[in-house]
Amino acid sequence: MSLFGTKLYAQDQNRVVMDNGILQVTLSVPDGMVTGICYNGVNNLLEIANEETNRGYWDVVWSSGGSTGTTGTFERITGINYEVIMQTEEQIEVSFLTTWDVSQEGKHAPLNVDKRFVMLSGSSGFYSYAIYERLDGWPGFNLDETRIAFKLRKDKFHYMAMADNRQRFMPLPDDRLPGRGQPLAYPEAVLLVDPIEPEFKGEVDDKYQYSCEDKDHKVHGWICMEPPLGFWQITPSDEFRSGGPLKQNLTSHVGPTNLAVFLSAHYAGEDLVPKFEQGEPWKKVFGPVFIYLNSVVQGEDPFRLWEDAKTQSLVEIQSWPYTFPASEDFQSSSQRGSLSGRLLVLDRYINSDSVPAGGAYVGLAPPGDAGSWQRECKDYQFWTRTDEGGYFLITNIRTGDYNLYAWIPGYIGDYKNESKIAITTGCNIKMNDLVFEPPRNGPTLWEIGIPDRSAREFYIPDPNPNYINKLFVNHPDRFRQYGLWERYAELYPDDDLVYTVGQSDYTKDWFYAQVTRKKDDTTYQATTWQIKFKLESIPRDGSYTLRLALASAAQANLEVRLNDPRTKDALFSSGIIGKDNAIARHGIHGLYWVFNVELGSSVLVQGENTIYLTQSNASSPFQGLMYDYIRLEGPPQ
């Protein structure tokens, strides 16, 4: 622990230093870029070969109002006004404010951004948060992405860790350059053909292989072996992230780069891009996140740094909401409220009575339709999981109006409580028992998969041995290997997948993604999968229901036909849906979809029937979908 408290001093007229005796953080004035981090005898942990504006920074990607897509103008958030908010022996907080006016229209994102950096006495790290604001009357725009990025020294940081089973020595950025790396189907994926360190030869490097769901995305970073020290980014709360607990974001990747992503379209597409109308006001606080530095003495195991970082992440999570932010826009614990209750589930074809919804995801998000939380991207969300009895408690909720949403692994569909919930300062709302009745018309005749919003349980092939990432060999996340979509055409070169109910095993016989079939370098073919099943008898006026839950869709058009694949008019067509790109980005899910197809008794036959599932949009290898779960229900009883 430091005994001399925190100090703030000018290094020169363009830089200030926050110093607590453990580390020193240098910030450019008035820009607010992190230009240096001095710790444990290393003069600067950030890449000194980079320009000072390309070491540690907040950034946005934005586009003009009315535009479509997920790309736009990249802009580092550059302050124009520097202010010391607090300076005591216990705490330093500094502000770098950028403001917008009409003279900047079309040149800069129409946002006021107040970047804050905080250092506490005795703390082995520093915090950063920012207040984003739009005022009445400002032009519309799209906020495609915002984050904090740190570019670390490539001569120091070679080992990356983001989970107990997702950590490894990483290639150098030079290995991705022409001559050493060969670009694959898209620029982010590179085959290392002549890396500086030969141990990486033949591997694929792709930053998307290190993505993570927000619910599991608490701490990640890098270890330097000489001297042994760690650089970690800890996110203690998901409340300011978009898209709910299953939203996936980038973490750390070759650079060495460390990211705190607050808002992105990754694994979701344009649905997760906030679009602000002309004149629409808005304000949101992103963060604080904690940049944690740790070290061990020479000779000790440097991998203990990861264990220590995990321990520190728990400390930060338990300390949320922090007491130290000076901005009035960051609500303290005493200004927030809580909500508790119990969630039950009633599926009369499984149980005659309601049963506790153990392990359910329950959350508060802005008012909307059932399931709208996964596309919500402007405001705050607060999530928890129920215990075995279905009980839940959500604490430290920001004041505002919300709906309560839930979904339960093992059941399809989304729950929404119709009552608007107003969270006020100090409130402690206790709700009556809530009952979710998942979609159901009749008894299950057969089912394929597990309703858990992912395709993880289906057949995931081994990668092409020429395109592997060694980390994911014999790994639970084997779906993160590059190029798995290409294996489908190798397994099914001429005819498509056929699944026979009662004989086939979905863990072996149902490919994880319905992708196009490559015919040559420029031509792709639609694919049609078959589900064969038998009906012993068919009631004259019986109505059957086919439930199709999708874990992902990328420019896919799902068509359903029954018994005659040549029928021009499909019984069901989704139209072109989805832009989550999970197939290309090594995800096992993107956004969740549920479709219900009514099958009258007149289209079914006694004996063998065949459902034909066609993904008809076929102009690229990445168009396709992943199924979560399929169920055929018989007539109501």
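**Note on the two sheets**

1. In this predicted model, strand β8 (residues 91-98) pairs with strand β9 (residues 112-120) in the antiparallel sense over eight bridges, where pairing requires that DSSP finds at least two bridges between two strands. Strands are DSSP runs of E with at least two residues, and helices are runs of H or I with at least four residues, both numbered from the N terminus. Across this pair, L97 stands opposite D114 in β9.

2. Residues are numbered from 1 along each chain as its sequence is written.

3. Nine strands form an open sheet with antiparallel pairing, in the order β7-β8-β9-β10-β24-β19-β18-β12-β13. Because β7 (81-87) and β13 (166-169) stand at the edges, each with a single partner strand, one side of each is left without a neighbour in the sheet. Neighbouring strands of this sheet are turned by 15° against each other on average, direction ignored (axes are lines fitted to C-alpha atoms, for helices over the stretch in contact, and angles run from 0 to 180 degrees between N-to-C directions).

4. Helix α1 (residues 304-318) packs on this sheet, touching strands that include β10 (125-134), β24 (282-295) and β19 (228-234), and its direction makes about 30° with that of β19; contact means heavy atoms within 4.5 Å.

5. An open sheet of three strands, also with antiparallel pairing, has the order β14-β15-β16. Strand β15 (residues 190-192) is joined to β16 by two bridges, and the bridge partner of L191 in β16 is V204.

Methods: Predicted model: local features only at pLDDT ≥ 70, side-chain atom pairs only at ≥ 80, totals over all residues. Heavy atoms only, no water.
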